[in-house]
Amino acid sequence: MEEKSKIRLLFSSSVLLLLFSLSAAVSNPLQLQTLLLRPLPSAPTLSWTDAEPESDSLVEISELNAVSSNTTLEMHLELHHLDAFSSEETPERLFDLRLQRDALRAETIYSLVSKAVARNRPRAPGRPGFSSSIISGLAQGSGEYFTRLGVGTPPKYLYMVLDTGSDVVWVQCSPCKNCYSQSDPIFDPTKSRSFSGIPCGSPLCRSLDSSGCNKRRMCLYQVSYGDGSVTLGDFSTETLTFRRTKVGRVALGCGHDNEGLFVGAAGLLGLGRGRLSFPTQAGRRFNRKFSYCLVDRSASSKPSSMIFGDAAIPRTAVFTPLLTNPKLDTFYYVELLGISVGGTRVRGITPSLFKMDPAGNGGVIIDSGTSVTRLTRPAYIAMRDAFRIGASNLKRAPDFSLFDTCFDLSGKTSVKVPTVVLHFRGADVSLPATNYLIPVDSSGTFCYAFAGTMSGLSIIGNIQQQSFRVAFDSAGSRIGFAPRGCA
């Protein structure tokens, strides 16, 4: 009798446990969305029409972020992917090069932040430092998007990489001691009516961490990069022309000696938060607001876009507060609180994993130049494991490069995959399936486009930002995300 009672008790417990599990499954069903399977994109074609500006649209910037008028402007730009400069023909090779650039960029960001924190002192007020330029858009660990703009008067149109992880604006200039190959003629400052050198004693020159003076007591700049590349030359002011808008007296480097792994574009337009970045210099004119929308090139042939001014902030955006690293003012930091996979918050992913400490360690940045999102390793493992469980019906494939969760989807046109939501403070961002399960070859292999990092710093990359209009509202100290924002 006692044995039968034990069996009945065990049976009852098993039934209760099963009912509890079924109840939990019913109350929290796995949320799925459809992924349409598209191939790796080929290299985009490079075509551009240089529009002459209107004669009365000049905006003059005076010393460090003051402008000559209280009227605010709007400015719209096309963005194109760096692959357009590549001579590689196969989509696989283009993707491989992108991952190589991506790994170097992430490594450089981590090195930059750790060095800034290791200084063990806050930056002096008004001295943003030059270290941000280590992650320029032209070196191997580069920014991924570029636009075309006019430099000088009359404007000479050049391709310039745009990078939210850099501050300093610079362009190759003749005469060249060393210049790399670019698609346009090298800019000649002697043929520009608006080019002007900056005196050594000016606030602009003093804003550089690494500056010098020539024999005429004019300011010189030097920018060093994580891959050993370097650019140096005259620090000057010049007029930049964006379609039909001219912005005058922009402080930029005129590089006469540019050595290393630079390719394609003529220079860099820094979009970081530092004092010498373009958004900061022209900030009041555009109300310190800009946004971009990066298209998924496997799904659309239209270009990505960037907007400066009040029109940059979409009405449909959800916003999260901007945070500031006390040791490094270049990057756009946000607060990530958690992640959901398949409609359920992932256990073990707590806000503490993404928190920036008072010394500037850790945190989360939004970066246009990093492709693959990197999460601090404990958070990544928990999210990855949750996704693997939710996608257990899909056939697994071997690891690929930095991706450790891949699937063989050959022969299929679409599949159902678990949803992924990033929970920022005040903003839940639900990712399209194409933003996290991506093709890596032409054989039907798709990989989960996140990676872990041993660094405490997490980076939200541009693959996860695709199709969102990402709005940088420095005036409101916030970043916004608007889905389907590329229309």
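**Backbone geometry and strand pairing in a predicted model**

Proline 175 is found in the loop that lies between β7 (170-172) and β8 (196-197). The model discussed here is predicted.

User: Where does proline 154 lie, and what is the omega of the bond from threonine 153?
Analyst: Proline 154 sits in the loop between β5 (145-151) and β6 (156-163). The bond that reaches proline 154 from threonine 153 is cis, and its omega is near -5°.

User: Why does serine 477 count as partly exposed?
Analyst: The relative accessibility of serine 477 is 34%, and therefore serine 477 counts as partly exposed. Serine 477 is placed in the loop between β32 (469-473) and β33 (478-482), with a positive phi near 50°. Most residues other than glycine have a negative phi.

User: How do you know that β19 and β26 pair?
Analyst: Pairing requires at least two bridges. Five bridges join β19 (residues 336-341) to β26 (residues 420-424), and the two strands run antiparallel. Valine 341 stands opposite valine 420 in β26.

User: Why are β20 and β27 at the edges?
Analyst: The open sheet has the order β20-β19-β26-β27. β20 (344-345) and β27 (427-431) each have a single partner strand, so one side of each is left without a neighbour in the sheet.

Definitions and conventions
Residues are numbered from 1 along each chain as its sequence is written. This is a predicted model: local features need pLDDT of at least 70, side-chain atom pairs count only at pLDDT 80 or more; totals for chains, interfaces and linings use all residues. Side-chain values use heavy atoms; hydrogens and water are left out. Helices (H or I, at least four residues) and strands (E, at least two) are DSSP runs, numbered from the N terminus. Buried means under 20% relative accessible area, exposed over 50%, partly exposed in between (1.4 Å probe, protein chains only).
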